Amino acid sequence: MFNSLPIINAESKAKKLNYLVNTLKKPLIYTKSLVKWLILSLVVGAVGGFIGSGFHISIDYVTELRIEKSYLIYFLPLGGIVIAGIYHIFKSKGKLDTNRVLVAVTKQEKVPLVMAPLIFLGTVLTHLLGGSAGREGAALQLGGSIGYNTGRLLKLKNDDLHIIVMSGMSAVFAALFGTPLTASFFALEVARVGVMHYAALVPSVMAALVASYIAKFCGLSPVAFEGLKKVSISPSAVGYIVVIAILCALVSILFCKSIKKTEQLFDRLMPSRYIRAFVGGGIIVLLTMVLKTYDYNGAGMDVITKAIDGEAKYEAFILKIIFTSITIAAGFKGGEIVPAFFIGSTFGCIVGSIIGFDPSVAAAAGFICVFCSVVNCPVASVMLSIEVFGSHNILLFALACAISYMMSGYSGLYSEQQIAFSKINEEKINKKTT
């Protein structure tokens, strides 16, 4: 009995030693991971920042050129044929769109490097000739391609590839819009709604910060509107915001359905991508001539600015839906988020004027609500409200985001976006947007 005591003591000391080693090992593991992702996100952020800045400068340049030389819009049908031809050359790579990047966040999906120059060129050409599109599609595809191929070059594991794809998306989005917090959380939220990929939090934030700094270094200004009126919290203000958020959710459903139905219609009536591009471009030119305005060509940031200042046409939001649906269905490139800003801000401004709420604040709420509804990213939308409009109306805008997210149901811009959990209860549904 007494002879066994040294053995027990030895075992006890060994357990204590193992416990001590394991306790010290955990911080080392986390530190190693932190250093790895800080370095990788610095690289991705720098590459994404410079490419995103170059893309931003290119879009600004061709937009000014199009405004100066209005006759360029007549070449839109031919531009559509060129874009269709370029993408046809690389048809063996599969479908090269934003949905491809979203799938790569959650599954073992390749993001070809060729996607980056294709979306860069296609979006610049679309904006030069007056297609009604945004630029976030380019941001996500450029970023996803940069992130994925950087990870492949460095021989990262599959799980790490998912993270670096999100980091790339965050970087280019931040460079294009100057909203690093929005970019970071958008990348974490957008692939699977209801599931936040927190493992990518550090690299996504770091990449976004680096990219936004580079964009500022290149002389680019962030998307921001100063001087928005502060609204006191009151029952009436809350009531107005609830009405605006619900109506914006309905408009967002109309926007998403319009794009998808128009794409289906074009595909059925015109199986050839070249005919779709030419006819779609021709319709945009015809509509522009009939309406005698260029407000609905390009991104329309000037119209958004006027709406935030309290001025918008009643028909503006519906015309932008029509122009953007045709542009996307015809095969032009760019994305739908800036058009969503346009639709939301103009619609919100009009609703505010009708119900007696400050039109500028209503336009800002519409800007955020339609974005939130079409991408199903409420946290990123709250961050957007802070970065674009300041924090003084944050509670009202957060409420607006929550309501518009819920009331938009399962509609969305991206067909490969997964809704992990129900929007009205704790049920796990795992369904794609409709």
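Modeller: A residue is buried at under 20% relative accessible area, exposed at over 50% and partly exposed in between (1.4 Å probe, protein chains only). This is a predicted model, in which local features need pLDDT of at least 70 and side-chain atom pairs pLDDT 80 or more, while totals for chains, interfaces and linings use all residues. Residues are numbered from 1 along each chain as its sequence is written, and side-chain values use heavy atoms, without hydrogens and water.

Biologist: At what angle do H7 and H15 pack?

Modeller: Axes are lines fitted to C-alpha atoms, for helices over the stretch in contact, and angles run from 0 to 180 degrees between N-to-C directions. H7 and helix H15 (residues 378-389) pack at about 175°, their axes 8 Å apart. H7 is therefore roughly antiparallel to H15, a label for angles over 145 degrees. Contact means heavy atoms within 4.5 Å; here H7 contributes residues including Leu181 and Phe185, and H15 residues including Met383 and Leu384.

Biologist: Which residues have the most contacts inside the largest nonpolar core?

Modeller: A nonpolar core joins buried Ala, Val, Leu, Ile, Met, Phe, Trp, Tyr and Cys residues through side-chain atoms within 4.5 Å. The largest has 132 residues, and those with the most contacts inside it are Met169, Phe186, Phe341, Phe367, Phe389 and Tyr414. Leaving out residues up to four places away in sequence, Tyr414 touches Phe186, Val190 and Thr433, among others.

Biologist: Is Ser373 buried or exposed?

Modeller: Ser373, in helix H14 (residues 359-375), is buried, with a relative accessible area of 0%. A polar contact is a pair of N or O atoms within 3.5 Å; within protein, one must be able to donate a hydrogen and the other to accept it, and residues adjacent in sequence count only if both atoms are side-chain atoms. The Ser373 side chain reaches the backbone oxygen of Ser404 at 3.2 Å.

Biologist: Which residue has a positive phi of about 55°?

Modeller: Most residues other than glycine have a negative phi. Lys292 has the positive phi of about 55° although it is not a glycine. Lys292 is in the loop between H10 and helix H11 (301-308) and is exposed at 76% relative accessibility. Asn430 has a positive phi of about 45°; Asn430 is in strand S3 (residues 428-432) and is partly exposed at 38%.

Definitions and conventions
Helix = DSSP H or I, 4+ residues; strand = E, 2+ residues; numbered from the N terminus. Parallel < 35°, antiparallel > 145°, perpendicular 65-115°, else oblique.
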